[in-house]
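Trainee: I'd like to learn how to read a model like this one, feature by feature. Could you walk me through it?

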Amino acid sequence: MDSIHGFALEQGTWQGEDVFRPRGEPGTIFVAERFAGFVKRHGFTNMKLTPIAEYIWDPLHQGPPTGTNWK
């Protein structure tokens, strides 16, 4: 895999945890919207929360795959 430009979790693979690491994404921590709300309410800093549909992992800086409707 050369890059990831947004993704969705497979049905049944997430049990509703507020903080988790999806299979295939070692080293990246994902959080549920509930946790993101908690962070905002309590003014936590030193973290960047990105909506999963906007998540990009592109270490070679190749851009989105060709032939897609990526914005």
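**Reading the model**

Mentor: Helices here are DSSP runs of H or I with at least four residues, strands are runs of E with at least two, and both are numbered from the N terminus. The model is predicted, so local features need pLDDT of at least 70 and side-chain atom pairs count only at pLDDT 80 or more, while totals for chains, interfaces and linings use all residues. Residues are numbered from 1 along each chain as its sequence is written, and side-chain values use heavy atoms, with hydrogens and water left out.

Trainee: What is the phi of Asn46?

Mentor: Asn46 is not a glycine, yet its phi is positive, at about 65°. Asn46 also counts as exposed because its relative accessibility is 81%; the classes are buried under 20% relative accessible area, exposed over 50% and partly exposed in between, with a 1.4 Å probe and protein chains only. His61 has a positive phi too, of about 55°, and is likewise not a glycine. Look for His61 in the segment after strand 4; with a relative accessible area of 71%, this residue is exposed.

Trainee: In what order do the elements of the protein chain run?

Mentor: From the N terminus, the order is β-β-β-α-β, which comes to 1 helix and 4 strands.

Trainee: What share of the 71 residues is buried?

Mentor: Buried residues make up 17% of them. The accessible surface of the chain is about 6,100 Å², and 53% of that belongs to carbon and sulfur atoms; the areas come from the Shrake-Rupley method with a 1.4 Å probe, and for residues only the protein chains shown count as cover.

Trainee: And how do contacts come in?

Mentor: A contact means heavy atoms within 4.5 Å. Among contacts between residues at least 6 apart in sequence, 43% join residues at least 24 apart.

Trainee: Which residues does Phe7 contact, leaving aside its neighbours within four places in sequence?

Mentor: Phe7 touches Phe30, Ile52 and Tyr55. Phe7 belongs to the loop between strand 1 (4-5) and strand 2, and at 24% relative accessibility this residue is partly exposed.

Trainee: Where is Phe35 found?

Mentor: In helix 1. Beyond neighbours within four places in sequence, Phe35 is in contact with Asp18 and Val19. Phe35 counts as partly exposed because its relative accessibility is 22%. Arg34, also placed in helix 1, has its C-alpha atom 6.7 Å from that of Asp18. Why does Arg34 count as exposed? Because its relative accessible area is 63%.

Trainee: How should I think about pockets?

Mentor: Rolling a probe the size of a water molecule over the atoms shows where empty space is left. On a 1 Å grid over the protein atoms alone, a pocket is an open set of points where a 1.4 Å probe fits, with protein on both sides within 12 Å along at least five of seven lines; lining residues have an atom within 4 Å of a point. Volume is the space filled by probe spheres set on the points, which are joined across faces, edges and corners.

Trainee: How much space lies in the largest pocket?

Mentor: About 540 Å³. Its lining has 19 residues, with Ile29, Phe30, Val31, Thr50 and Ile52 nearest the centre. Strand 3 (30-31) and helix 1 (33-42) each supply at least two lining residues.

Trainee: Which residues lie nearest the centre of the second largest pocket?

Mentor: Leu9, Glu10, Thr13, Pro22 and Arg23, out of 15 lining residues. That pocket holds about 300 Å³ of space.
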